[in-house]
Amino acid sequence: VESAVNDQCDYHNQDERAQFVHQKSFSLLNLLMDFPKKPAVISVELFRTSYGEPLGSRDAVRHCRGHVFKTSDPLCYLCPQWWKPQTWRENARNLNSVSHASYRDAVWPVQNHPPDDLCSKYWSGLSHPEAGVHAMVASTIFFQFLVVMEKKHVLLKLSKQSLVSAPKAIETPKNICLDHISSYHAKQDDPRDPFQDDI
């Protein structure tokens, strides 16, 4: 499930949008997790930027006049709220035991520290990125699946421990890892290999 594009808002509407995203995400995820035959559900989390001239700067000013943030790339414009939908959805995911694959956390884990080549490399476009970005999002999801499969015994053990300490809105199947602990986060300057090192 990916809905970041639909979760956008203007700068001054962030509080009400955060509540709306939480409520609607909770309802959707709860409905999906309650389907017969218990389908696998994963939340794919993105962000957005505004890239290029003159469309990029106009788009950013339209969404966050007075709050536009720029990176070292002169064609890259950011609004603070474009980074936040994943955070707004976090409780809804956790309450429904839905894992997430975060392209945002893989590329831009700290809001105030975007990578220098954020727009030119990781999100070229406006609310909808170009094809190369879609391939990188798919690679991020694939990498997370590989790590989870490699570490599944540890993750299942942690998942069972968290079920004992924190009851969920739904019952988690015992043979698969649906808990929110199975997420992949980039950490700058972290030398650990997710396949080789302990989690």
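A disulfide here is a pair of cysteine sulfur atoms within 2.5 Å. Keep in mind that this is a predicted model. By that rule, the count comes to two disulfides.

Start by selecting Cys64 and Cys79: their sulfur atoms sit 2.0 Å apart, and the two form a disulfide. The angle about the S-S bond is -80°, making this link left-handed. Cys64 lies in helix 2 and Cys79 in the loop between strand 4 and helix 3, so the pair ties together parts 15 residues apart in sequence. Both Cys64 and Cys79 are buried.

Next, pick Cys76 and Cys119, another disulfide with sulfurs 2.0 Å apart. The torsion about its S-S bond is about 55°, so this disulfide is right-handed. Cys76 belongs to strand 4 and Cys119 to helix 5, 43 residues apart. Counting bonded cysteines along the chain, the pattern is 1-3, 2-4.

Cys9 is buried, with a relative accessible area of 9%.

Now for the largest nonpolar core, with 16 residues; Leu46, Phe47, Tyr103, Val107, Trp108 and Leu118 touch the most other members. Helix 5 gives the largest share, three residues. Click on Leu46 and show its contacts: among them are Glu2, Ala4, Trp123 and Val137.

Last stop: His100, in strand 5. His100 is buried, at 6% relative accessible area, and its side chain makes a polar contact with the side chain of Arg93 (3.4 Å).

How values were computed. Residues numbered from 1 in each chain as written. Predicted model: local features only at pLDDT ≥ 70, side-chain atom pairs only at ≥ 80, totals over all residues. Heavy atoms only, no water. Core = buried A, V, L, I, M, F, W, Y, C linked by side-chain atoms within 4.5 Å. Buried < 20%, exposed > 50% of the residue type's maximum accessible area, 1.4 Å probe, protein only. Helix = DSSP H or I, 4+ residues; strand = E, 2+ residues; numbered from the N terminus. Contact = heavy atoms within 4.5 Å. Polar contact = N/O pair within 3.5 Å; in protein donor to acceptor, adjacent residues only side chain to side chain. Lists of a residue's contacts leave out its neighbours within four places in sequence.
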